There are 4 protein chains.
Amino acid sequence: MQEIKCSILDKGFVTLIDMMGDDFSAVKAARVSYAKEQSSDIERDRALIEYLMKNKHESPFEHITLTFHVKCPIFVARQWLRHRIGNSYNEISRRYTTKYSEEFYLPDHIRVQDEENRQSSYICEDDNKKEQALLLIEESYKNAYETYQKLLKLGIAREMARIVLPVGEYTQFYWTSNIRSIMHFLNLRADGHAQYEIQLYAKAIAEIFNKVCPLSYTAFLKYSYTGNILKEV
Amino acid sequence: MQEIKCSILDKGFVTLIDMMGDDFSAVKAARVSYAKEQSSDIERDRALIEYLMKNKHESPFEHITLTFHVKCPIFVARQWLRHRIGNSYNEISRRYTTKYSEEFYLPDHIRVQDEENRQSSYICEDDNKKEQALLLIEESYKNAYETYQKLLKLGIAREMARIVLPVGEYTQFYWTSNIRSIMHFLNLRADGHAQYEIQLYAKAIAEIFNKVCPLSYTAFLKYSYTGNILKEV
Amino acid sequence: MQEIKCSILDKGFVTLIDMMGDDFSAVKAARVSYAKEQSSDIERDRALIEYLMKNKHESPFEHITLTFHVKCPIFVARQWLRHRIGNSYNEISRRYTTKYSEEFYLPDHIRVQDEENRQSSYICEDDNKKEQALLLIEESYKNAYETYQKLLKLGIAREMARIVLPVGEYTQFYWTSNIRSIMHFLNLRADGHAQYEIQLYAKAIAEIFNKVCPLSYTAFLKYSYTGNILKEV
Amino acid sequence: MQEIKCSILDKGFVTLIDMMGDDFSAVKAARVSYAKEQSSDIERDRALIEYLMKNKHESPFEHITLTFHVKCPIFVARQWLRHRIGNSYNEISRRYTTKYSEEFYLPDHIRVQDEENRQSSYICEDDNKKEQALLLIEESYKNAYETYQKLLKLGIAREMARIVLPVGEYTQFYWTSNIRSIMHFLNLRADGHAQYEIQLYAKAIAEIFNKVCPLSYTAFLKYSYTGNILKEV
């Protein structure tokens, strides 16, 4: 299988590294359930997929599985791994490894608090304030990383030294999911209420979903998607 | 992918119809977790798989997924579908379909109750008793099926008419699972305490598992298998 | 805790036998998430529950758990146990027990197939046809049960003899679930597309849900319920 | 229900705040499965619980549910929330709240890396080194927190300002689980391979488990526990 890679944020990515099935797998599974004749007619397949999506018959979409390699900041991973059902994860462990060097997420913009709605924020246009904020973040990262290095030099165990590292640090994990669980993920994370950073990852997942299962993706946007940032294609 | 099909009982089967990954997928996922170097050495891969299995690090095996088409009696399906975690199912619905004709499981042997252990039974060698029992079963099936046909002729809804059909009737389903969940399935069903019929299905699943992930299967038998009917290979 | 019991069909029931939490548990869990002040004002609690339900923040409802004792026909249990997520089951095993006597579901009505919509059926008003159909069902049950008894008398193992018993036979199970999973159950089973018999069980579950968590139930009907047989109260 | 609270680390805790069932709930569920007579004899109940545990019949233990309020460092929460099956979580969100003040985990000891086994560490007895390390950690926390405050003062959104905060920061969550899932948690986390900090939390969970389900806990240690830090009682 050819990998599909999307770069996200300053140093992150999402890469589809393996996959089982396609639109037609959901069709086949549904035709077992409803014992319908197999079809070689793509229009009938499309109609069946729309019917399933419209009527919330989501189980046939569990037979399409995808494995992604993800690199994202810890605070994004913490939101991501809350998705339990139908999702498998293997994350790098900083307790054991010295292989990956530490990297930190430096935003290319700054969001300021919306004073009227404390769950909301908007992008800051004030270049002076932006520069000040980014400098503060960068210096804080640098300070934490230097402390971490000093602790290691003292012989402190990695698993203990890392407690000073910020949640802006990058982590990596393997994620295996299925199209049904991915649709739930997109409903929550490809949405304006999600944090900006995970929205970008969710958009990349949506793009890959569209590439590999275009009929299901189109029907999802049409009938099941409850978020507000993905556009019908 | 080439399908792998095993015939089971008089009219049943298990067919592997799709798959994602192989032994090496578990190795890759584990190397992310432990941030170890990729290896092109099969002996190091085998050693890592044995290490994972021995230390109950089962999550890397969730990244290998398989889809099976299964045909088995209802009483077997009822035991099978109790396996919830990491398992997806789409079963034919007798409420809707007139496509599949009704078929019933006729055993090729008879098991008699062990009087000393009520959870145990053994194969009957008495040909006379066997013939009598099989005839009784066959006639009971025939009677139930004729009633079903009469009810349909009266115009009774299929979903209601079928309440007279026996649990020995065959059903079919699609099953998507991963190697971790399959190992749990085998621990419970590829075991002398499981009912004879599902043991046969479990053995077929084990055989296919061995064909597609030989390193993982061997390590599973060596370190994780708690049943008593699969032999080390 | 006082048990709540509902009789269903001719010999079935649903009994709530244990419970953890109430409406206020979801409120407390949500206030941790959103770090809001505790409130002693039921109107603010009601508003928070409505907000959660409206915005699909369903996780706080996982902290309210219920255990039911259910007695229903096998074909109903087969639909019920398809609900995997957040659901625990312990069903009686006919392989082992001689304690419960066999009982069979005899309908008090007959449904005939809708010729225009093969997924639909309606209640038969023709008393003659009804009598004929019920007699056929009763005789088929009787025949299957007599065969079962003969097989046992021959010494055949219970697990093998029972393959002739119909899916109309009653079974029993313990079901532990949480309010979130119960809402999903109701969306699928308290709906006109579900089979009539499981609709009756779902209505009983809904009634009990309303008794023990009235704020959540009311908000569920208002904002999350996708079925069409439960009425706002 | 009376709450049970254990203090852990310098500022953390585990509090049992609600519960459904007890040892006898598992017994009742198992007696439905095996259709055995109810018993009023505690010795027969104990024997049944030991039988279940010994033979890996873990499903009856899913009918006992517990809700905990947990306060622990983020790096501990990250290990904890990896447990998906049968576990429900609601964690405080730093995106929304200004209610909880920021608090950070200051160890009372220092662990140094075992040079021979990179997955291992031991407690440092060198008071000088310990003082140096703790001072470095404290200053790094202070620096990160000051940066966070400066960013907030600039008007930066909380969800963005917090990316500089360390994984040693405390978080809080509600955790609802059942005895089966808690046993899996203890097998992995009440074990010498787990990080020291989560071991302390796991021991507190084990203690509470023992208080509320003494028969199940004793049988668990005897037959199912695979870790190495809990002692038989």
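Nine residues of chain B are in contact (heavy atoms within 4.5 Å) with nine residues of chain D. This is a predicted model, in which local features need pLDDT of at least 70 and side-chain atom pairs count only at pLDDT 80 or more, while totals for chains, interfaces and linings use all residues. Residues are numbered from 1 along each chain as its sequence is written, chains are lettered from A in the order in which they are written, and side-chain values use heavy atoms, with hydrogens and water left out.

**Interface of chain B and chain D**
- Between them, chain B and chain D bury about 770 Å² (accessible area lost on being put together, 1.4 Å probe, summed over both), and 37% of this lies on carbon and sulfur atoms.
- Two salt bridges (a side-chain nitrogen of Lys or Arg within 4 Å of a carboxyl oxygen of Asp or Glu) are found across this interface, and one of them joins the side chains of R84(B) and E62(D) at 2.9 Å, N to O.

**Helix α2 of chain B**
- At the start of α2(B), a side-chain oxygen of D41(B) comes to within 2.8 Å of the backbone nitrogen of E43(B), whereas K56(B), which follows the helix, has a positive phi near 60°.

Terms used
A polar contact is a pair of N or O atoms within 3.5 Å; within protein, one must be able to donate a hydrogen and the other to accept it, and residues adjacent in sequence count only if both atoms are side-chain atoms. Helices (H or I, at least four residues) and strands (E, at least two) are DSSP runs, numbered from the N terminus. Buried area is the accessible area (1.4 Å probe) that two parts lose on being put together, summed over both.
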